[in-house]
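Please examine the following structure before reading the questions.

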Amino acid sequence: MANDKTTDSAQGNTNDANARVQELIKFVKIKEKPVELTGHYEVPCIKPDSFIDVKPQLLSSVEQLQRLGYPTAGLIPDWKEVFLKKMDEILKKYRSVKLFLDICVRCGACTDKCHYFIGTADPRNMPVARAELMRKVYRRYFTWQGKLFGSKFVNGSDLSEELLAVWYTYFYQCSECRRCAVFCPYGIDTAEITMAAREILNSVGLVQKYMHEIIDKAQTIGNNLGMQQNAIVNALEFVQDELQETTEIPDIQVPIDVEGADVLFVTPSADFFASPHIESLYGYAKVFHQAGISWTMSTHASEGGNFGLFVHNYGHMKKINKRIWEAARDLKVKRVIGGECGHMWRVLSSYSNTMFGPFDWLDSRYPRPQHICEFTLDLLNRGALKIDKTANDEFVVTMHDSCQVARGLEMGGTEFGQFEIPRGVIRGVCNRFEDMPENTIRERTFCCGAGQGLLGDDMIATRVKGAIPRMQAYSYAKREKGVNFVALICAICKAQLSKMFPTYGIPMEEVGGIHQLVGRAIVLGAKEGI
Amino acid sequence: MTGITFIVNMYMSSIVYVGCAVFALGFIYKVYFEYYKTPQPLVIPQTPQPVTLSGVILRMAGDVLFFRSLSKGTTFLFITGWIFHFTFLMMIIRHLRYFIHPVPGLITALGNGAMFLSVVLLVSLILLVIRRFAEERTAYVTVLADYVVLFLIIGITMTGIMMRCEPFRPDIVAVNAFVLQLMDLKAPFKMLGMHPAELLHKGQALSPGDVIFMCHLSFVFFLLMYFPFSKLMHAAGYFFSPTRNMVNNPRDVRHVNPWDNS
Ligand code: SF4
Ligand code: SF4
Ligand code: SF4
């Protein structure tokens, strides 16, 4: 059981439904063995229910649930009503969900595209089958045929505790990576349906722990790790000391809360000390230092990541994003730049403008938030950075396109910029670059296997299985092309792969950020300015 | 025999009117109230999404005309599916000859290949049916409704093909007259007054051709009536799909969320 308190109060209430659900979705630790790395992934034959036991833990901290605005004592007694009300609300607010529930023709084109299906062989992990879980409820309760003739007639599902359990299982075996939507003739984006389903589950009291704890921390404390302001200052001062020591340059800085700096830089808080993330932080600092651009980080907006994206609860995402907007205004910066993070980039670039409007007091040359890769490539192209590529000669580098970047928004104003720009940066600082197989990169990239709320330790089974296609593709590049380093631009990918690489027998040091490579190659010294 | 003819005529004309009405109203309701009116709060275009409107239109045209997205994933389904949609469209265009007078040259020209096209259509449909149960993963997600649609269209195609062969050839002149009468604005009111026009005015017993024609027509209108309430709405829904129809420029152009006005 995820938490004893929940069970106690549930039995105290004699809330049978809750007791049933708690029993059905109780967390069991499951170990999954990695597969052998052959360099190819195969689409498995279906094995029904093979992964039905893998469920994440529930959030049971009453204060956190209260702050998030969700029921605090497990499944609420009148859950069916609330469930349908929430679903109705989402159907009226999100055309994506409504349309995608309506128009799927079950053609099967997406069935072999999901890394979780490839990894687990559980047919409910086929994107269309995952969406059908919600579609069945939709057909039963939201079409007149279903209302009139019942669930048998429309091939629908009646609401039941079992259904909730299945939802909770499979909507937390989707990393909202959107790969399925690339191949769907109508662009049906299962991620949108997963986000909706998670919010519906939340509204009836089934709240996943890992992701919502983080959403709560980001809203109340300001970052995903829950670091207080002084802890952030300490961590960044430590980074600065390290930098000054290793580079022997006394004025290289990691500025915090500097009013009037040119650039507000936001990045996932993992970059402050997790490994290999921190290496990229050194890289950013060196780039800013060498470019001679004054920059600052903010203790108020100490987090770039925005887990609010992962559920269709607009409020969470907005509240977290607001901090960046406020920090940019309070620090009177001229530009906003985001570090290496997939979902941060999607929220900052695609949604921020909708939620808070343009950062219109910014420098008119840079009115929009920029990605650090756009920034660095621009400097490289202008020759503003002195680079010694041989510093990276020990590496043959490949790049993992993080899905939220790859299938999200343009970069550099062109539709394929998100592939070309990061690769441009890598090529600018490394001599040897090789791509992984064509069907596993660019817009067809496979997720690392732990995106969008599945990075918790309780999800390790899913993570091991979901990583299979990526691991196979990497091992192929390793074997055929001698690749020994994968460059990433997403904090979650970094965390996941640096755990999965050793699991699959590959050294952890082969995972790192793009700016880690930049940091190594950059020649510090007399500034040439820009 | 006039009794049967009367019932048949009543049935056929009412299915046409009811079918058209249900289709039109249902379709418009769905598209307007459910797709068009439902707001899309955030910008979620999907790579490779162009950054200009004209680019987006081109991409969508590629999807609609050549099934570009589908072609990336599954070759068999892409080819069979495309052939099915293409030949089906050709057959629909061919049928315009019953409604447009004089018949445009293009449609007459199509007539030469009509038989071939309809056989190809039938074959592609059968392949799609086989794929539905033979392909393990697709079979897993298939529901009865998927077969219903396929078999309805197979029924339409088969009766269509039959009508081109003796002894099932219906009287073309009569069919034409039937259509013309139906298109007459007063026809529904005549029906209300229970004075049906002599639609198939042979006066005598139904010929095999009439029966087949009746089936053909019934299947078509069953399909039309079913259309707005089924997955067939993908035909219109595609154009509203936010991963495909939004311009990939949210940093430059602010997308307003209609329900977030703070
Ligand atoms: S590819 Fe699209 S239409 Fe086909 S089954 Fe998957 S979601 Fe449905
Ligand atoms: S969004 Fe990604 S994880 Fe989710 S169903 Fe689609 S391919 Fe699988
Ligand atoms: S963690 Fe990385 S690879 Fe995984 S979903 Fe997020 S961006 Fe994609």
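This is a predicted model: local features need pLDDT of at least 70, side-chain atom pairs count only at pLDDT 80 or more; totals for chains, interfaces and linings use all residues.

Residues are numbered from 1 along each chain as its sequence is written, chains are lettered from A in the order in which they are written, and side-chain values use heavy atoms, with hydrogens and water left out.

Q: How many residues of chain B are in contact with chain A?
A: Contact means heavy atoms within 4.5 Å. Chain A contributes 77 residues, and the number from chain B is 60.

Q: Which helix of chain A supplies the largest share of the side that touches chain B?
A: Helices are DSSP runs (H or I, at least four residues), numbered from the N terminus. The largest share of this side, 9 residues, comes from residues 342–356, which form helix 16.

Q: What is the distance between the closest N and O atoms of A:Glu374 and B:Arg251?
A: A salt bridge is a side-chain nitrogen of Lys or Arg within 4 Å of a carboxyl oxygen of Asp or Glu. The rule finds 9 salt bridges across the interface of chain A and chain B. A:Glu374 and B:Arg251 form a salt bridge, with a closest N and O distance of 2.8 Å.

Q: Is A:Cys107 buried or exposed?
A: Buried means under 20% relative accessible area, exposed over 50%, and partly exposed in between (1.4 Å probe, protein chains only). A:Cys110 has 13% relative accessibility and therefore counts as buried. A:Cys107 has 14% relative accessibility, so the class of A:Cys107 is buried.

Conventions
Helices (H or I, at least four residues) and strands (E, at least two) are DSSP runs, numbered from the N terminus.
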